[in-house]
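Good morning, and thank you for making time on the agenda. I would like to take you through one structure, strand by strand and then contact by contact. Please have the sequence and the coordinates on screen.

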Amino acid sequence: MNNIKNIGDKTLKKWIEDDKYRKNLAIKADQIRREVYGDKVFVRGLIEFSNICKNSCYYCGIRAENTKVKRYRLSVDEIIQRARFGYDLGFRTFVLQGGEDIGFRDDDFIKIIKDIKDLYSDVAITLSLGVRSKESYKKLFEAGADRYLLRQETSDKDHYRALHPESMGFEQRRRALWDLKEIGFQVGGGFMVDSPYQTTEMIIKDIRFLQELNPAMIGIGPFLSSKNTPFSSFPNGSYTKTLRLISILRILFPKALIPATTALGTIRPQGREEGLKAGANVLMPNLSPKDVRGAYSLYDNKLYTGTESAEERDLLSEKIEKIGYRLAVDRGDVISYNKKTRRYD
Ligand code: 5AD
């Protein structure tokens with residue numbers, strides 16, 4: 001594990017598949033994270049503003065064709081209100097995440113971004129709005145948005161086709177990631193671990209794609225089956241493989257912001273803590289209005305109480321300190337970020 005830049009496919013395959021490497025991978029990953037980011041864990045207030053979506057990804061519980069979900073959409077004012085509430089709780093990054101809801105126009109997002117930025121000069125805004133045009137991304141960036149999360153989901157074209165309906169383009173999604181990067185967003189990619197039909201070779205392709213993209217953020221979590229979807233009978237992804245992959249990503253991307261995701265916390269009660277110990281350095285507690293948290297149901301049994309909830313920030317802080325880390329109270333940009341030029345490398 002000495003030459004971390006040049007890890008070949010064979011080694012990656014072993015690390016991904018064999019749990020005997022987990023412990024050593026985690027030790028190495030934690031060492032790297034401490035060298036780069038110290039003991040800081042960054043928190044983001046996650047505002048799930050709408051579960052209405054025009055797409056029908058086969059894995060996703062809020063897919064358009066699922067008629068069993070109760071749909072909701074927050075108003076522009078409600079979203080801003082959630083950010084105000086979150087700021088008072090100590091959050092300095094807000095993640096606006098929703099289905100691809102065409103009820104929201106660019107101007108709506110621009111208003112939300114500008115209003116939040118006018119209220120608070122020390123916050124970052126992360127968007128997670130799916131695939132949009134370059135023009136739209138540009139407007140959102142110019143309005144003041146800082147980061148954009150768009151998991152590539154898979155870097156294998158045939159696999160992409162197996163996970164998504166024909167209307168969703170593999171190339172378009174990739175294009176979107178490159179557009180975001182070029183515009184200047186701190187960009188985030190990622191994928192699910194053990195999504196249906198995924199092979200180790202595909203995961204390695206994802207890693208190679210990420211090495212090309214050099215994202216500021218990488219989000220991974222286990223695939224979790226979701227009722228009323230075409231993939232409802234596929235098994236959940238592997239918890240330990242997800243942990244090994246978090247470590248591998250930390251080793252390959254020392255500067256990346258890597259969350260211990262809600263999916264990881266859903267599959268195991270200690271999942272998020274273990275994710276941090278394996279090399280993750282971001283948590284995204286839920287800041288959505290309490291009555292909609294259950295309806296943003298990408299998968300079954302989603303965790304949204306306890307320390308998964310933004311209101312429990314103090315409790316979260318205690319828990320994190322117990323395992324040897326510290327909650328940061330700043331924006332938590334990628335370490336190489338230059339605030340003036342809004343660029344990173
Ligand atoms: N299990 C795990 N993760 C899921 N996502 C969507 N559906 C599921 C599921 N069933 C992930 C996707 C998406 C992110 C917001 O949530 O990777 O990009």
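I begin with strand E2, where 6 of 6 residues are buried, so that the strand is mostly covered; buried means under 20% relative accessible area, exposed over 50%, and partly exposed in between, with a 1.4 Å probe and protein chains only. Before I go further, please note that this is a predicted model, in which local features need pLDDT of at least 70, side-chain atom pairs count only at pLDDT 80 or more, and totals for chains, interfaces and linings use all residues. Residues are numbered from 1 along each chain as its sequence is written, and side-chain values use heavy atoms, with hydrogens and water left out.

Helices (H or I, at least four residues) and strands (E, at least two) are DSSP runs, numbered from the N terminus. Strand E2 covers residues 45–50 and runs parallel to E3, with 5 bridges joining the two. Two strands count as paired if DSSP finds at least two bridges between them. In general, strands of a sheet pair through backbone hydrogen bonds, either parallel or antiparallel. Glycine 45 has phenylalanine 94 as its bridge partner in E3, and isoleucine 47 stands opposite leucine 96 in E3.

Which way do the residues of E3 point? Thr93, Val95 and Gln97 point one way, whereas Phe94, Leu96 and Gly98 point the other way, and all are buried. Strand E3, residues 93–98, is accordingly mostly covered, with 6 of its 6 residues buried.

The order E8-E1-E9 describes an open sheet of 3 strands with parallel pairing. Strand E8 (282–283) and strand E9 (326–327) stand at the edges and have a single partner strand each, so one side of each is left without a neighbour in the sheet. Strand E1, residues 40–43, is joined to E9 by 2 bridges, and these strands run parallel. Valine 41 has leucine 327 as its bridge partner in E9.

Now to the charged contacts. Side chains of opposite charge can pair when their charged atoms come close. How many salt bridges does a search of the whole structure find? The search finds 35, a salt bridge being a side-chain nitrogen of Lys or Arg within 4 Å of a carboxyl oxygen of Asp or Glu.

In one of them, the side chains of aspartate 330 and lysine 40 meet at 3.0 Å, N to O. Aspartate 330 lies in the segment after E9 and lysine 40 in strand E1, so this pair ties together parts that are 290 residues apart in sequence. Aspartate 330 is partly exposed at 33% relative accessibility, and lysine 40 is partly exposed at 26%.

Another salt bridge joins the side chains of lysine 302 and glutamate 48, again with a distance of 3.0 Å, N to O. Because lysine 302 lies in the loop between E8 and H12 and glutamate 48 in strand E2, the pair ties together parts that are 254 residues apart in sequence.

Arginine 82 forms a salt bridge with glutamate 311, with the closest N and O atoms 3.8 Å apart. Arginine 82 lies in helix H3 (residues 76–89) and glutamate 311 in the loop between E8 and H12, so the pair ties together parts 229 residues apart in sequence. Here arginine 82 is buried, at 16% relative accessible area, while glutamate 311 is partly exposed at 24%.

Salt bridges also link Lys117, Asp146, Arg147, Arg331 and Asp333 in a network. Of these residues, arginine 147 lies in strand E5 (residues 147–149) and is buried, with a relative accessible area of 0%. Its C-alpha atom is separated by 8.6 Å from that of serine 128, 19 residues apart along the chain.

I close with two backbone details. Asparagine 214, in the loop between helix H8 (200–213) and strand E7 (217–222), has phi near 50°, a positive value in a residue other than glycine. Asparagine 228, in the loop between E7 and helix H9 (239–252), also has a positive phi, near 60°. Asparagine 214 is partly exposed at 30% relative accessibility, and asparagine 228 is partly exposed at 36%.
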